[in-house]
Amino acid sequence: MAPVRPVPQDDDFVDALRRARSTIDLLAQLRIAPTPSRFTLVFLHQCGEMADLSKAVNRLLGHDKLTAVALDELYDEFFGRFLEETELRTASQRIGRTMADVSDCLDEASDTAERYGSVLADFSGSADQLADVIDPSNLRVVAELSEAIGTVLSETRKMAEINDLLEERLQLSAREIELLREHLDLLEREAGLDALTGIANRKSFDIMLRETIAMASREEQPVALLMIDIDHFKVFNDTHGHQLGDNVLKLVARYMKECIKGRDTVARYGGEEFAVILPHTGLDAAVQAANLVRRHVSMKRVVNRRTGASLGQITLSIGVAEYRPGEPASELVHRADEALYFAKSTGRDKVAGENEIQA
């Protein structure tokens, strides 16, 4: 039996295969199930062709936060817009088909009206001619007049039927367009909300932060940012499971909304990390607001509703930074993030302002 000869492999194939194996190895090391979306995300990170994606993945890896949930959120952040575009494209196509139906219906009604008008004109001309020579005893004239009247009546009935059909089709189209409008409104609302907690998602946070900074720059007002992390959340997840972990995320989001009012924005930044945008707020006032949130949440206890057992206290570490005129939004996030990790590294369950790091 002749020996099996290896199939020649080009460099691109070998390189892709190496990255695919590296992707599987990393997911296995992190004990994350390699779903298609997670594999795609980590594979693209390994390729290094999406700098923002790799930066986000490396940040999570550096803080031991690259979890299944974090990968799913990153996938939504970087590729969710394509899914939204598909939904919007489908809705747009449905609107196009509905409008085409309406256009066809109107064309048909226009043709019918034109034909009806022509019949009426012919009848009017014939009636004028017959009026000059009409003689009740002239059967031919009476027959022609009767035929003309019959034609008008027939076309009138057709016109009425077409109008009824047009009204019905227009009503159906109007209902379809209204449903599509409601669907598009819902898509727009859902696109800005985090599916689990119901608060603003990362995309909404990015947009709102840019808009708040732009407004503050015009009005020469301060803006502060809180970056918030649930302490020991990974341990809680590993101990009690992801379902209870999700419940904790929802509870924290709800408790924060109870403290944050008015123009302030509460958002889920990613994983167990949240953010709060505070317009018209300086650093000192923001630190006070952060402590209010921290104390409010720390007063709560997590309870397993199925067993009634207490699962302990929720504590938060919070970093606070104030916007510096002229800097990009990403730099404000970076400084608040640095303050957050200073709070975590110096004991947790505490608030740290950016000035504490500089001191």
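Residues are classed as buried when their relative accessible area is under 20%. In the predicted model described here, buried residues account for 36% of the 359 residues in the protein. The secondary structure consists of eleven helices and seven strands. Of the contacts between residues at least 6 apart in sequence, 67% connect residues at least 24 apart.

The largest nonpolar core comprises 33 residues, among which Leu 226, Ile 230, Phe 274 and Leu 316 touch the most other members. Two or more residues are contributed to this core by each of strand 1 (223-230), helix 7, helix 8, strand 3 (273-279), helix 9 (283-298) and strand 6 (316-322). Helix 8 supplies the largest share, nine residues. The surroundings of Leu 226 were examined beyond its neighbours within four places in sequence.

Helix 7 (residues 233-240) packs against helix 8 (residues 242-259), with axes that come within 7 Å and cross at roughly 140°. Helix 7 is therefore oblique to helix 8. On the side of helix 7, the contact involves Phe 233, Phe 236, Asn 237 and His 240; helix 8 contributes His 242, Leu 244, Gly 245, Val 248 and Leu 249. By residue class, the contact of helix 7 with helix 8 is made up of five nonpolar and four polar residues, with no charged residue taking part.

Charged side chains were considered next. Side chains of opposite charge can pair when their charged atoms come close. In total, ten salt bridges were counted in the model. One of these joins Arg 294 to Asp 349, with the closest N and O atoms 3.3 Å apart. Because Arg 294 belongs to helix 9 and Asp 349 to the loop between helix 10 (329-345) and strand 7 (351-353), this pair ties together parts that are 55 residues apart in sequence. Arg 294 counts as buried, at 14% relative accessibility, whereas Asp 349, at 28%, counts as partly exposed.

Glu 354 takes part in a salt bridge with Arg 324, in which the closest N and O atoms are 3.3 Å apart. Glu 354 lies in helix 11 (residues 354-358) and Arg 324 in the loop between strand 6 and helix 10, so that parts 30 residues apart in sequence are tied together by the pair. With a relative accessible area of 8%, Glu 354 is buried; Arg 324, with 37%, is partly exposed.

The side chain of Glu 354 also meets that of Arg 335 in a salt bridge, with an N to O distance of 2.2 Å. This pair links distant parts of the chain, since Arg 335 is located in helix 10 and Glu 354 in helix 11, 19 residues apart. Arg 335 has a relative accessibility of 7% and thus counts as buried. A network of salt bridges links Arg 324, Glu 327, Arg 335 and Glu 354.

Methods:
Residues are numbered from 1 along each chain as its sequence is written. This is a predicted model: local features need pLDDT of at least 70, side-chain atom pairs count only at pLDDT 80 or more; totals for chains, interfaces and linings use all residues. Side-chain values use heavy atoms; hydrogens and water are left out. Axes are lines fitted to C-alpha atoms, for helices over the stretch in contact, and angles run from 0 to 180 degrees between N-to-C directions. Helices (H or I, at least four residues) and strands (E, at least two) are DSSP runs, numbered from the N terminus. Angles under 35 degrees count as roughly parallel, over 145 as roughly antiparallel, 65 to 115 as roughly perpendicular and the rest as oblique. Contact means heavy atoms within 4.5 Å. Ala, Val, Leu, Ile, Met, Phe, Trp, Tyr, Cys and Pro count as nonpolar, Asp, Glu, Lys and Arg as charged, and the others, Gly among them, as polar. A nonpolar core is a set of buried Ala, Val, Leu, Ile, Met, Phe, Trp, Tyr and Cys residues joined through side-chain atoms within 4.5 Å. Buried means under 20% relative accessible area, exposed over 50%, partly exposed in between (1.4 Å probe, protein chains only). A salt bridge is a side-chain nitrogen of Lys or Arg within 4 Å of a carboxyl oxygen of Asp or Glu.
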